[in-house]
Amino acid sequence: MNFAIEVPGEAAPLSLFELGKALELASTSTDHAQRQSAGQQLQTWESKQEFFPGLQSIFLDKSLRNEIRFLAIILLKNGIDRYWRQTARHAIKPAEKQLIRSRLLQGSINEEERTLSLHNALVVAKIVRVDYPSEWPDALQTIIGATRASKNGNPGHLSGALMVLLRVVKELGTARMRTSQTALQSVTPEMVQLLGEVYTEKTTYWQEFFTKGAGDEDDADYAMQNSLTALKILRRLVTIGYEQPHTDSMVQGFWSLSQTQFDQFLTGISHESWIPVPFQDLVGKHLIQFTKLHIDMCETHPASFPVLPNSIPLTKAYWNLVKEFSDVFEKSGGIKETSKETSGGNPKHEGPLSEKLALKGLLLLRCCVATAYRPSQTFKYKSPEVKKQEQEAVHIIKTQLLTNELLLDIVQVIISKLFIFRKSDLEAWEEDPETWESQERNEGQAFEWAVRPCAERLLVDLLTYYKDLGQPLITYCELATKVDMDIVTKEAAYCALGCAAAMVHEAFDFDRFLNATLVKDVQIKDSMAKLLRRRISILLSQWIPVRVSQPSRPVVYDIFRHLLQANDPHNDEVVRITAARQFKWIADDFEFVGEAFLPFAADFFNLLIGLLQEVDSDETKLAILETVRVIVNRMDSHISPFGDAIMTVLPKLWESAAGEEYMMKQSILTIMTALVASMRADSQRYQGAIIPLLVEAMNPESALHLHLIEESVDLWKAIMMQSASPLLPELTQLVALALPLLEYDSEVASHCLEIVKNYILLAPREILSDGFRRPTLAALAKTLDSNSRGHNKYGAQAFELVIRVAEEIGGTQAVSVVVQDMLDSGLLRELLERLHSAWESAQTTGPKRKPSKINSMKESDYFTILARIALADPAIFATMLGSFGSLETVWAWLSPQWFGNFDCMADIDRQKVSCLALTRLLELPSPMQELVLARLQDYLSMWTTVVMELRDGGDNPLAMDTLVWEENVPGNEWDTPLDLHERQFARKDPIHTIYAYDFVRTRLEDLVRRVGGEQAFEAGWAVNVDKDILLGFQRLSLPPQQQLQ
């Protein structure tokens, strides 16, 4: 029996011995519990002093097992990221940092194990990135000194020093801080000179060994490794270490050397090579570094590249290399993306060196075209001299490189040779159809590592800027499409025709070509027919947005339906997946008409769903679902006949998706959203099937909640827009899931707020029930505190709706219940306290002015909520004010702030609501009657301003109010059930039913009567009003033409 007790990490004190013991258990123990316990202990010690120096000490102890040392350096590397900066919590102390820095280089220079040396170099680079030059000003000089000291000594020590220097240069090369960039540039010349010496010496050594037999094989191997590392550093330094590299003599010398040795090394990998086969791979890596140097220089310094020695002949030589390779392209094995990764974490690509070099040549040509026609945009200041250099560079490339002869040669070679579908491509196709199809698709990144996709991009670039190249291309394509041409040649011609679609559409009759040629080609039955079928689907997707007439589109739909047929032996998985993926662009085209597609829709949905159930890759499934979504969206209301079939399949797909396959479920939700939006009110019959999926996706306890929240809310919003009252009970219960999300400032919260508003309109009785009323009010209250202006405004509108539906359903009693809930929750108290702070702020001036808790826009929101209460029942409003103190005291500060806020109410609707609400207070008896009369001048001014705003002319001044809806507002075919309900509910709003002037006049006359008649009113109250304000109000009863007199 095991009586071991796992103690907390704090129980073991930190010492070098205990640290080593924990590292040993964590790295070598076969007992999972021991490894886990040791890992927890190491994590606990991270915040302790001496932990990271202790890790370094253990790493430097070569008597320990490599597994222990490897874990130590990994933990140290991770700790640098988390604890090295001074601002980090539990940051490493300065003294410990100094100790670590003092021992860094020996961890690489004196280390025989390459993996350990590499990770130590990564630690050095991370520290230099943070500390250089401020905390560690001599960092680079120290590394340079170590490199110089080991240059002629132990080759292993030189290898370690170069590895550190490479990692440091790569790290500093990605730095964004100008100080780091300047510091690197300041030492670049010294490093270039040193590395140039190292590279030259080591290259000369291994060249003489292989040509003359001088030296030792192991030393030659070391020399090749070190020359390659030095070359990697040099190619980075000459591009990132100089502002204008073409002006530096060392750069010019190295540039010339790169071209000379490129030719020499090419002979070293030929059939008659002077280098033994085991070492040819390293020579090939040298060549790849040269190609990266040339491409990086062209991309990073487009003004320097053309004027560096022999750059134009160099580029032409690259093209000659591509031409030579094109003769054997059809037989080449191809470059494949593997599951392995480079040291930088990118996918590793394996293939023939000749093909890799040809690819680099195509990339360099693309870069030259971009330099000539797509100059990089930057905010960085450019002097007139620099601008002139850039213009000269463009001129050199256009006139000396991109000549008509070269351009025609490039187009001819690409179309006739590099577009040829190879045996290796077919083998990769058949080996893993889904992966191959995904990598080859147009929007992929295969052009960065595969010749054919890169050639396609280059052809598009050339045709874009040289329109004249289109005619030879058309001539070739017409020749290649003859009946006697083989399928591979046709496929290459169609590839070129697709690339050129946007450039040659005016000169090429694609409709005739579609009906006369493609319809026949797609029916060819041959062992290679699948190549042509795949290409035709891509070709059609490239031409559909450019030039395909409406009469020809049904032919396109019929071709795709044919390509999706699983029972045709020539439609293998790649053909059908490509057709499914490419049809998205057919359906998403601007001129796609749902009615024209209607006869094909049923077959398409069946074929796409069938294909979806056959494929395995998640990426492929998502692509097919995206095509389905686009079709559903673009068919609009014509999708209705197929809704039942789609909704039968989608829940099953949801269930078949594993628990963590959230991307599949995202796509299913987006299809449902498109279906609901397209079918409109007819989609209500699917709510029973959709709601359970929404409940699952919106469940905050689910691991998928965060991944599905946006798509779920979009679907929920679409459902509410297409719903009519009364709602399904299950749909009503969903509102509880939206309320917790209202307190956030995200876009999702905005959509949820809109959903809650829709619930208030469509299910008012349920929202006002005891189960939902208080949670809804509490959630809406949080929107008023949000930093988002939109949340504040729409939250206030939601409160308005709550008060209005309460009044409509239960009258004064229901409004009283809602107001009491708002009081009990503290909402109204918080609202009035903030308004009071705004009033206090307005009473003070100068440097000691009290700050307001809210701005004027939030004031308008708050006053609108208060206005709705007063408009519903002024007595409830007065009682509510009295609950916060004497009515006289509250009114004394609230009324001037309210009247003063009218100038900030940009919305005339809000002005009218507040005007009607304040006017209703005239109905109340004492003491409110006297309080209102005391503000008579404010009232008269408000009435005059608001009524004039609402008028737009006419002979009857009493019947003029632009917000009153005399007739029903006409609808349109795009109105949703929610739109109709909103309009019907809005028509009952006092804003749209009450004439403001008539409303004011009636209540003012009643007030005058209550105070003893006109004479008493004038003598007691009107006498205190400014005459101009009084006269302005009196003119409201006059015809418009007399109001201006």
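Helices are DSSP runs of H or I with at least four residues, numbered from the N terminus. The views below are taken from a predicted model.

**View 1**
Helix α39 covers residues 789-824. If straight, a helix of 36 residues would span 52 Å at 1.5 Å a residue, but the end C-alpha atoms of α39 are only 26 Å apart. A bend of about 135 degrees is found in α39 at G810. At the start of the helix, a side-chain oxygen of S788 comes to within 3.3 Å of the backbone nitrogen of G790. After α39 comes G826, which has a positive phi, near 85 degrees.

Q929 belongs to helix α45, made up of residues 928-934. Its relative accessibility is 11%, and because buried means under 20%, Q929 counts as buried. Apart from neighbours within four places in sequence, Q929 is in contact with L924, L1007, R1010 and V1011.

**View 1. The salt bridge between R576 and E614.**
Side chains of opposite charge can pair when their charged atoms come close. The count of salt bridges in this model comes to 57. In one of them, the side chains of R576 and E614 meet at 3.0 Å, N to O. R576 lies in helix α27 (residues 573-587) and E614 in the loop between α28 (594-612) and α29 (618-635), so the pair ties together parts that are 38 residues apart in sequence. R576 is buried, with a relative accessible area of 7%, whereas E614 is partly exposed at 39%.

**View 2. The salt bridge between R910 and D861.**
The side chains of R910 and D861 form a salt bridge of 2.6 Å, N to O. R910 is in helix α44 (residues 908-920) and D861 in helix α41 (residues 856-872), so this pair links parts that are 49 residues apart in sequence. Both R910 and D861 are buried.

D1006 and R1009 form a salt bridge in which the closest N and O atoms are 2.5 Å apart. The two residues are three apart in helix α49 (residues 996-1010), so about one helical turn separates D1006 from R1009. An α-helix has 3.6 residues a turn, so residues three or four places apart point the same way. D1006 is partly exposed, with a relative accessible area of 28%, and R1009 counts as exposed at 57%. Salt bridges with shared partners also join D770, R773, R774, D821 and D824 into one network.

Technical notes
Residues are numbered from 1 along each chain as its sequence is written. This is a predicted model: local features need pLDDT of at least 70, side-chain atom pairs count only at pLDDT 80 or more; totals for chains, interfaces and linings use all residues. Side-chain values use heavy atoms; hydrogens and water are left out. The expected span of a helix is 1.5 Å times one less than its number of residues. The bend at a residue is the angle between axes fitted to the seven residues ending there and the seven starting there. A polar contact is a pair of N or O atoms within 3.5 Å; within protein, one must be able to donate a hydrogen and the other to accept it, and residues adjacent in sequence count only if both atoms are side-chain atoms. Buried means under 20% relative accessible area, exposed over 50%, partly exposed in between (1.4 Å probe, protein chains only). Contact means heavy atoms within 4.5 Å. A salt bridge is a side-chain nitrogen of Lys or Arg within 4 Å of a carboxyl oxygen of Asp or Glu.
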